[in-house]
Amino acid sequence: MALSGIQIYKLLPQTNCKDCGYPTCLAFAMKLAAKQAELALCPHVSEESASKLSAAAQPPVRPMALRSNGFEVKAGAETVLFRHEKTFVNRPGLFVRVRDSDSADAIQAKVRAADAYTVDYVGMDLTLDGIAVQADGGDFAAAVQAVRAVSQRPLLLFAGAEALKAGLSLLAAGEIPLLGVADAENWQEMAALAKQAGAPLAVAGASVDALVDLAQKVKEAGVADIVLAPAQRSLLGVLKANTIIRRMALKKNFRPLGYPILSFPGDWGDPAREAVLAGQAIAKYSGFIVLDHFAPEVAYPLLVLRENIYTDPQKPIQVTPGIYEINNPGPDDPVLVTTNFSITYFSVANEVEGSGNKAWMLVADAEGMSVLTAWAAGKFDAERIAKDVKRFGVADKVGRKRIVLPGHVAVLSGELEEELPDWEVRVGPREAVDLPKFMKQVLV
Amino acid sequence: MVAALAELGGLDEATIQALQGGVGLPAIPAAPAAPMAPPLPPEPAPVAAAAAVEPEKMVEPAPDAEWLPAGVQTEIAVEKWSGKVKEIALGAAAAEGGSRGAVVKIGGQTAMPFMFMDGELPNAPVIAVEIADRRPDGWSELLYQAWGDVLDDPAAWAKAAAAAGANVLYMRLSLTDAEGQPNTPAKAVAAVRAVLQATGLPLIVVGPGQAEADNDLLVPISEAFKGERLALGICEDKNYRTIVATAMANGHLVIARTAMDVNLAKQLNILISDMGLPLDRILMDPTTGALGYGFEYGYSVMERLRQAALQGDAMTQLPMIVNPGEEAWKTKEAKVGEGVPAAWGDWSERSITWETLTSTMLIESGADIVVLRHPETVKRTRVAIDDLMNQ
């Protein structure tokens, strides 16, 4: 939790010596609070104050990253409990789990599919993040080797210390996997191993007290990057544990819970339940999520949910400006203009697509605003539309040059006729829902 | 006639049955018992739902240990709120002048969703299943397959929805009949009556979504079923007065819908309560988008509305109803099974997951009623609600 200028001032020498370059200690404190100055500028601050100030300056949820072969999965650094307050920072990593009791062929078939999975959502290629390898009475190192033969993505390694050592020895230098899961029985050897490997360590706890206790012990043993795995599997249990962890970190600056969270929605065994638990983990504060089933029809909605939840609430998802085809249009079909605010785009595209009408859709660059907002802000005018008509070579796509403006900006039609003299400019309905009727009855 | 009768003291089960059976007074102008059914499509191929999932050990895990056991040492940060969401009863039993077998209560919260450590959450979220007065046009083929022939008979559909796990029925009136002729008040009243008789569940009735048709159909329904404590909708800023007035006169609730904006929602609630309808007879629909189609706006607006309610803002202290079913089944992901990217996977499972994730995540952001379309989504959402309420 950040300190206020006054709180910082109380920790400074209050001598107004000006050695820091500011006229008073209070002025310096204000600069510190605004993060416009460094504490190192003050040569006289006591060690005690300095450690308090640096502790307060640390992010409440410790940031960390898993790495391998050019891939990176970041977690932590979150600052709010609700996404409308401020953007959630690091999208939780989605990992598909394999067990060392499975055959190498079975492991590789699952990993290959998960590793290669990519799906397009509003022009973004979404993928899963990595693989979790679980000791389950088999040959752990062999399983890690089988995974690495087909996937270079970051790993979560879940085994006892001996097996983990064998697994770690197979990884390339510079890889940072997540190790785990340490419990009250094995935490000492696990912590020693994590420290030696420079890797984050997941710790489990059946209750909040047990988790706090273990996180503190592991930290004292020299592990800096800790990941919390509350031993809860039900929706309510996970929701409660995750909320308390994040709330304690953010509102109380409670260090032992100021770490990313690891969740195992697959522990239920039922894929339908797993999807809902994974959805909740995405929306409610998990940093690493372990899936036991991989299926494209579930991965796709989960990845979309993750994008939705982690979108900047002030800056909606934008669609890349350009010319989009709806129902395979031909040269005689009309050009419908709209803005690149994703909801605007989807409303128009869905209505036209659902109606079976063919059209070219010109998504103009309106900086991600809806039609009326963009028009009011001067980001959606005849000049810009004409510019995008040329930029995207729209005239080359159609023989019959008909362009339809949204009804809300009918006022632009005169100017657009001047900008595009060889085009027939039409004014469409105000609402997307009326487009199919308009296209059928007016645009013939 | 029925309306006049209803005004004299409500319609109880016996009266309705008497009317239906032709005993005593002739009921409303004869309407066909069920709309003419279009020829049925050939038997659809069974959907390969979970075929992609390899058989695996399905071990139900042991119950979780209590995360916050008695005597917890860590000083837990608890959120205490001063406000409370209004508790609203939907549907009226015979003692209250209606004919419903079950009265459903929603609202009453003094904490954010499922935060039992912070306050009271007396009522579980409710699942409403969407039905209609005739076979709907333009639905996904998967929905036609899932419900089958009951789509041609509102009463049978109501029974099937109840069997699928609905707590409440959400009945949409059509603008036209299957032949394209305008719907009439008589037909609409008859369809609502059939649905009310088919089950004891509370009923929400919404118009076709065009102001004039909504008012023409909803007013006679409101009068015919006075005292049933239906929820009537949909009130929007452009058309709310007629619906509110008739709900007020006949003991019903209304649904107030606004477009994903906290202030618009408050404003419409103020306008409606200014007409004299008590706040505990308004359900607010802040509108949502399906996953991938504006979901995050609906999600955050609901969180903000609920926070405002708990902070003490009276005009937001209303239970929320949203329509993830309609939104999810509008998406291409749910509607289209062919010619889509291979990365979208199995059509049926994708669609159901789409609707289920939209509904469960909205429940976690504050929805008191979710309106759903697919019976499998109802089942999965029910499992989630039971889990979330299982302290």
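Me: In which strand of chain B is the place of B:Ile234?
Reply: The place of B:Ile234 is within residues 231-235 of chain B, in a model that is predicted. A cis peptide bond joins this residue to B:Gly233, with omega at about 15 degrees. The strand that holds B:Ile234 is β6 of chain B.

Me: Which loop of chain B holds B:Phe114?
Reply: B:Phe114 is not a glycine, and yet its phi is positive, at about 65 degrees. As for its place in chain B, the residue is found in the loop between β2 (104-106) and β3 (126-132).

Me: How do the axes of helix α4 and helix α5 of chain B cross, in degrees?
Reply: Helix α4 of chain B spans residues 154-164 and helix α5 of chain B spans residues 185-198, and their axes come within 8 Å. The crossing of α4(B) past α5(B) is right-handed. The angle at which these axes cross is roughly 35 degrees.

Me: What area is buried between chain B and chain A?
Reply: The contact between the chains involves 67 residues of chain B and 68 residues of chain A. Carbon and sulfur atoms give 62% of the area buried there. The area itself is about 5,700 Å².

Me: How many salt bridges does the rule find across the interface of chain B and chain A?
Reply: The interface has 22 residue pairs in polar contact, both residues of each pair being at pLDDT 80 or more. B:Lys332 forms a salt bridge with A:Glu353, and the closest N and O atoms of this pair are 3.9 Å apart, which is within the 4 Å limit. Across the interface of chain B and chain A, the number of salt bridges found is eight.

Me: Which element gives the largest share of the side of chain B that touches chain A?
Reply: The elements that give two or more residues to this side of chain B are α9 (295-310), α11 (332-335), α12 (347-364) and α13 (375-389). Taken by class, the residues of the side that touches chain A are 34 nonpolar, 13 polar and 20 charged. The largest share, nine residues, comes from α12(B).

Me: How many residues apart in sequence are the parts that A:Arg97 and A:Asp267 tie together?
Reply: A search of the whole structure finds 39 salt bridges over all chains. A:Arg97 forms a salt bridge with A:Asp267, with the closest N and O atoms 2.9 Å apart. Because A:Arg97 lies in strand β3 (residues 93-99) of chain A and A:Asp267 in the loop between β11 (262-263) and α10 (271-283) of chain A, the parts that this pair ties together are apart in sequence by 170 residues.

Key. Residues numbered from 1 in each chain as written. Chains lettered and ligands numbered in written order. Predicted model: local features only at pLDDT ≥ 70, side-chain atom pairs only at ≥ 80, totals over all residues. Heavy atoms only, no water. Axes fitted to C-alpha atoms, helices over the stretch in contact; angles between N-to-C directions. Helix = DSSP H or I, 4+ residues; strand = E, 2+ residues; numbered from the N terminus. Left-handed = near helix turned anticlockwise from the far one by under 90°. Contact = heavy atoms within 4.5 Å. Buried area = accessible area lost by both parts, 1.4 Å probe. Salt bridge = Lys/Arg side-chain N within 4 Å of Asp/Glu carboxyl O. Polar contact = N/O pair within 3.5 Å; in protein donor to acceptor, adjacent residues only side chain to side chain. Nonpolar A, V, L, I, M, F, W, Y, C, P; charged D, E, K, R; others polar.
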